[in-house]
Amino acid sequence: MARAAGQGVKIYTKKGDAGETGLIGGGRVSKADPVIEVLGNLDELNAAIGRALVHAGGSASRSVLQTLQSVLFDLGAEVASTSRQYEAAGLPGLTENLEDWIDEKTAEMPELRNFVLPGGTMLAAELHMARAVCRRLERSLVALSAERALRSEALVFVNRLSDWLFCAARHANYESGVEDAAWTGDR
């Protein structure tokens, strides 16, 4: 890969060619390590939220989505750190903010009486996809917590985030006047 003019650092290091990667603070682990699984899921969730932002326009969820991207990056630094030098700051407060947003937006929308099928507007579909990735992230965090101490706030935050993403998807449809597709079990 050629360097761009003025670019002094190469993107590739070749240090991971043997299937290992470095952690913040030193040490190397297999790319199949549960820590790397969590980091990959965090990265994928952040990318999914980025896709949702493309469609967010003036949506009520736009500023929250922007904040979430930075928080997820911070959480990744916490998981990748071999020491306690990094902690994703403010997770309990952010979790409470997500709960308040969910309560406020749920009160605006029709009562949920059925399971909801993902879809509707493009923003809602992207938020539902992000929710599915968030649930995978949560499962990988739980698996990692069986091997390594994690702050309980991280697990609570990710669980609430998936709830928020579901509610945000429903609200995106509501804001656009699109009804959620209800699962009826009929085929």
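W183 is partly exposed, at 42% relative accessibility; buried means under 20% relative accessible area, exposed over 50%, and partly exposed in between (1.4 Å probe, protein chains only). The model is predicted, so local features need pLDDT of at least 70 and side-chain atom pairs count only at pLDDT 80 or more, while totals for chains, interfaces and linings use all residues. Residues are numbered from 1 along each chain as its sequence is written, and side-chain values use heavy atoms, leaving out hydrogens and water.

Rings of Phe, Tyr and Trp (its six-membered ring) pair if their centres lie within 6.5 Å; planes under 30 degrees apart are stacked, over 60 edge-to-face, and the rest tilted. That rule gives two aromatic pairs. W101 and W164 form a tilted pair, because their ring centres are 5.0 Å apart and their planes meet at 50°. W101 lies in helix α3 (residues 91-108) and W164 in helix α5 (residues 152-175), so the pair ties together parts 63 residues apart in sequence. Helices (H or I, at least four residues) and strands (E, at least two) are DSSP runs, numbered from the N terminus. W101 is buried at 11% relative accessibility, and W164 is buried at 0%.

F115 and W183 make an edge-to-face pair, 6.0 Å centre to centre with 65° between the planes. F115 sits in the loop between α3 and β3 (116-117), and W183 in the segment after β4 (181-182), 68 residues apart. F115 is exposed, with a relative accessible area of 62%.

Helix α2 (residues 62-80) has buried residues including L65, L68 and L72. The buried residues of α2 pack against α1 (34-56), α3, α4 (122-145) and α5, where contact means heavy atoms within 4.5 Å.
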